[in-house]
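Subject: Structure handover and notes

Dear colleague,

I am passing on the structure we spoke of, and I would be glad if you could look through it alongside the notes below.

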Amino acid sequence: MAGKLPKSSFRLLYLDPPFLTGVKRVGTGSDYSYDDRWPGKLQEYLPWLEKNLRAMIPLLLPNGSLVLHLDWRVVHYAKVLLDGILGADAFQNEIIWHYTGGGRSKCRFSCKHDSLLWYSSGNCPMFNIEAVRVAYKPTSGYARSGIVSAAGKHYRPHPKGTPVDDVWDIPIVNPMSRERVGYPTQKPLALLERLISALSSPGDLIGDFFCGSGTTLVAAERLRRLWVGGDVSPAAIRCTGNRLKEATAET
Ligand SMILES: C[S@@+](CC[C@H](N)C(=O)[O-])C[C@H]1O[C@@H](n2cnc3c(N)ncnc32)[C@H](O)[C@@H]1O
């Protein structure tokens, strides 16, 4: 698919591929599932990931952003891979998406975060931190009346809260939530909305070629971005189409 799209045209590519979990991911809705079994394990998975990344990266605008969403299984290999393809200086952040819910391990600390590697194809990617301020922690002095320095200068709280850092606490899509469509590993709209708001502007083109249930495209539509999505699974495309119909009716 990437070979048919115009090069240097996307402000942001968000890629959420299979994570090498070694199992078939099955959802709760209709025939929603995808295979994340790799008989050759890492030796099969990594060349596959590299081939996809190398095909997709030329689609980025100069100073465009690539966000690769993975977890502890392969994120360290993927970082080395992307340092090799784009250069280590292209790395911007490893965003930790921390969530709660699901089971708890009795043998080790429970894994409750994913890693989102943000790289840019240039030195100066779009970064709109003002669009993604978050509420001050209740324990922060700013949450009350602000902070007074030793020299007596009063730092007042910003009305929209504090600039978000690289650890994002965002709940997973709750089984009871209206947002849930039953697609396995569906990501929350709040996660994609924050990412798209910070790394692009209205009218920009956003791509997601592992779009699954279509979360990125729905978030892009709501934020008045243009979008292109793809997925190997016809059920994913159907699910995405249904969600987009609802989203376009809302906007
Ligand atoms: C982690 S899920 C994406 C979930 C999505 N972000 C969401 O919020 O619903 C990974 C997706 O990659 C798709 N996929 C797997 N192999 C693929 C390939 N070779 N090309 C395109 N999509 C693929 C799967 O069908 C699955 O929908």
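The notes below go from the overall fold to the core, then to a helix pair and a loop residue.

This is a predicted model, in which local features need pLDDT of at least 70 and side-chain atom pairs count only at pLDDT 80 or more, while totals for chains, interfaces and linings use all residues. Residues are numbered from 1 along each chain as its sequence is written.

The protein has five helices and 13 strands, where helices (H or I, at least four residues) and strands (E, at least two) are DSSP runs numbered from the N terminus. Its radius of gyration, taken over C-alpha atoms, is 19 Å, close to the 18 Å that the globule rule (2.2 Å times the number of residues to the power 0.38) gives for 251 residues, so the protein is as compact as a globular protein of that length. Along the principal axes, the C-alpha atoms fill a box of roughly 65 × 45 × 45 Å.

Of the 251 residues, 32% are buried; a residue counts as buried if 20 or more other C-beta atoms, placed from the backbone, lie within 10 Å of its own, as exposed if 12 or fewer do, and as partly exposed in between. The largest nonpolar core has 47 residues, and those with the most contacts inside it include Leu12, Val67, Leu117 and Ile196; such a core is a set of buried Ala, Val, Leu, Ile, Met, Phe, Trp, Tyr and Cys residues joined through C-beta atoms within 7 Å. Helix α3 (residues 189–199) gives the most to this core, with six residues. Beyond its neighbours up to four places away in sequence, Leu12 touches Val67, Ile196, Leu199 and Ile206, among others, a contact meaning that the C-beta atoms of two residues, placed from the backbone, lie within 7 Å.

Turning to the helix pair, residues of α1 including Leu42, Leu46 and Leu49 meet residues of α2 including Tyr77, Leu81 and Ile85. The residues of this contact divide into nine nonpolar, no polar and two charged, with Ala, Val, Leu, Ile, Met, Phe, Trp, Tyr, Cys and Pro counted as nonpolar, Asp, Glu, Lys and Arg as charged, and the others, Gly among them, as polar.

Finally, Asn128 lies in the loop between β6 (113–120) and β7 (133–134) and is exposed, with 12 other C-beta atoms within 10 Å. Leaving aside neighbours within four places in sequence, Asn128 is in contact with Ser197 and Ala198, and its C-alpha atom is separated by 6.3 Å from that of Leu199, 71 residues away along the chain.

With best wishes
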